[in-house]
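Please study the model below before reading on.

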Amino acid sequence: MNAAPSFVEKATGCLAGVATGDALGRASEFMSREAIRARYGWLNRLVAPPDAHPAHAQPPGAVTDDTEQTLIVAHLLASGEPLTAERMAAALVEWAQSHDGLNNPYLGPSTRRALQALMSGASPHQTGRQGTTNGGAMRVAAVGIVHAGDFAGALRDAVAASIPTHNTHNAMQGAVAVAFAIAAAMQPGAIVEAVVSAAQEGARQGRAHGAWSWATPLDRRIALAVRLVDESADTERALDALHDFVGVGLDPAESVASAIGIVVAARGDPQRAIEAGANIGGDTDTIAAIAGSICGALRGIAALDAPLVSEVERVNGLDCAAIAGALKRRVPSQMGQN
């Protein structure tokens, strides 16, 4: 019997799940399931997006802003200073200025609008009050890592990480749901059912934060996603059901709920989850990254495809294990002891 993954192995798996899911799903982003099947069959390899995509010239394995913003949060948390809206806003502006972020073809509408306002001197507590999409949810993996089992801390930091760009009820429910799911998955002996319950509780608590916005209750949409998966005969039928009845768009009630559904369909296996996310259609890079991060935290880095992780790290100059080690140093000793 294999030994249970250590804290660092879980954290590394979580971060690698983000990066590999992001890189694999980048090629199929906003394609339909039918178009993905026609072009790639079952997408399980790193390929470039279609020629019509604005980033088609980037090398296979390149990540998007999902991973880049995840790393921003990770570095802020690893510094040991409290995560605040002001620090998050400053880091996002620095990223945008140093990486030509406003011209990033993957940048979502909420983040682009908020960054433009931040660069004009607006308060980070105001700039995200129209951000209703899944940009907060895509970046909070490290919050779940450092707050393994600490849901109050995960709530606090997921909210802070979201305020500058996604300061609405709808976006907050997605961000906190993902942070809670990873905080649950990082605990020793975690199981898929506990992760789903944590995500639903995160959605309920997250929805109490931010400016008012219409928000389809994400906890209930997650319940629908799980039921559809349970009623499906296999992964392909589960993906069809999630695509058709839950959705795969930028709304967290679609993309985050479908990502949780994929975690269930994959039975917590990160490689299966990443591939499923890349093949579901719609916002595939974000869905695959979220599902991969949760399952990576559940099973640890050994459960991911090592050559895939190595290639994504090489292409993007990443070292997930080093980042995981830096985050471990910010975790109470009883959680990060192994």
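**From surface to core**

Arg 267 counts as exposed, because its relative accessibility is 59%; exposed means over 50% relative accessible area, buried under 20%, and partly exposed in between, with a 1.4 Å probe and protein chains only. The model is predicted, so local features need pLDDT of at least 70 and side-chain atom pairs count only at pLDDT 80 or more, while totals for chains, interfaces and linings use all residues. Residues are numbered from 1 along each chain as its sequence is written, and side-chain values use heavy atoms, with hydrogens and water left out.

Arg 267 sits in the loop between helix 13 (252-265) and helix 14 (270-279). Helices here are DSSP runs of H or I with at least four residues, numbered from the N terminus. Although Arg 267 is not a glycine, its phi is positive, near 55°. Phe 30, also not a glycine, has a positive phi of about 65°, and it is placed in the loop between helix 1 and helix 2 (33-40).

Which residues of the largest nonpolar core touch the most other members? They are Ile 145, Ile 182, Ile 262 and Leu 327, in a core of 114 residues. Such a core is a set of buried Ala, Val, Leu, Ile, Met, Phe, Trp, Tyr and Cys residues joined through side-chain atoms within 4.5 Å. Helix 9 gives the most to this core, with 11 residues. Leaving aside residues up to four places away in sequence, Ile 182 touches Cys 14, Ala 141, Gly 144, Ile 145, Ser 293, Ile 294 and Ala 297, where contact means heavy atoms within 4.5 Å.

A search of the whole structure finds one aromatic pair. Its members, Phe 151 and Phe 180, are tilted, at 5.1 Å centre to centre and 55° between the planes. Rings of Phe, Tyr and Trp (its six-membered ring) pair if their centres lie within 6.5 Å; planes under 30 degrees apart count as stacked, over 60 as edge-to-face and the rest as tilted. Phe 151 lies in helix 8 (residues 151-162) and Phe 180 in helix 9 (residues 169-185), so the pair ties together parts that are 29 residues apart in sequence.

Definitions and conventions. Helix = DSSP H or I, 4+ residues; strand = E, 2+ residues; numbered from the N terminus.
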